[in-house]
Amino acid sequence: IGATLALSGALNQRVYIALLLPVLWNLFNTVLAILNRRLTNQRTFNLVEDFFASILLFMLSGGHEGPLVWSGLLVLLSGAIYFEIAGGLLVGLALSLFQAIWIILTDPGGMTMNTIGVLIGFNLAAGVLLGMLGRYLMMGVRSQYKSHLEQKSRSGQKIQEKERERL
């Protein structure tokens, strides 16, 4: 994101602040992970933060004519990983709605309906595709976690058997 903004000359104080907010939130999440803590509904909070960060970057970098027109991919990826296909699709719909409203408010003339149609199509297609990838990824993670728990349980049972034999 920073490279895209720097190369396009779109870096300014407002964009720096918009970039700083997700960095601080991610640092907070990192501290929680280090402390092995979680917030209630943490995935939802992360998704909402990513959504507002993506929208803010979209607006501050010039909207559909700016260098970060693709910034919605960030929240689409989060939605897809956290909530799989449903998350990708719902985030794609919400993102499309906010981007369409922004385009209509900031560019009332011109070919906005074509632009809006392309953004909606891209957001929904990306949401579904990333959601399918997120589902595949989470199935693999869950499978590995289940195998790990089963192996840990078997190991614990073997330790208990050896302890009983010893006594």
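View 1. M132 sits in helix α5; helices here are DSSP runs of H or I with at least four residues, strands are runs of E with at least two, and both are numbered from the N terminus. This is a predicted model, in which local features need pLDDT of at least 70, side-chain atom pairs count only at pLDDT 80 or more, and totals for chains, interfaces and linings use all residues. Residues are numbered from 1 along each chain as its sequence is written, and side-chain values use heavy atoms, with hydrogens and water left out. M132 counts as partly exposed because its relative accessibility is 45%; buried means under 20% relative accessible area, exposed over 50%, and partly exposed in between (1.4 Å probe, protein chains only). Together with I85, L89, L90, L93, V128, L129 and L133, M132 makes a nonpolar surface patch of about 680 Å². Patch residues have over 30% relative accessible area and no salt bridge, with nonpolar side chains (Val, Leu, Ile, Met, Phe, Trp, Tyr) joined within 5 Å and like charges within 9 Å. A salt bridge is a side-chain nitrogen of Lys or Arg within 4 Å of a carboxyl oxygen of Asp or Glu. Areas come from the Shrake-Rupley method with a 1.4 Å probe; for residues, only the protein chains shown count as cover. Helices α4 and α5 each supply at least two residues of this patch.

**View 2. The largest nonpolar core.** Look here for L47, F51, I55, V75, L76, A80, V91, L95, A126 and L130, 10 residues in all. A nonpolar core is a set of buried Ala, Val, Leu, Ile, Met, Phe, Trp, Tyr and Cys residues joined through side-chain atoms within 4.5 Å. Two or more residues come from each of α3 (42-60), α4 (72-106) and α5 (112-166), and α4 gives the most, with 5 residues. Another core, of 5 residues, lies apart from this one and includes F58, I103, I116 and L119.

View 3. V75 is buried, because its relative accessibility is 0%. Leaving out residues up to four places away in sequence, V75 touches L47, D50, F51, S54, V91 and L95, where contact means heavy atoms within 4.5 Å. S78 is also buried, because its relative accessible area is 13%; with the sequence neighbours up to four places away set aside, S78 touches L47 and D50.
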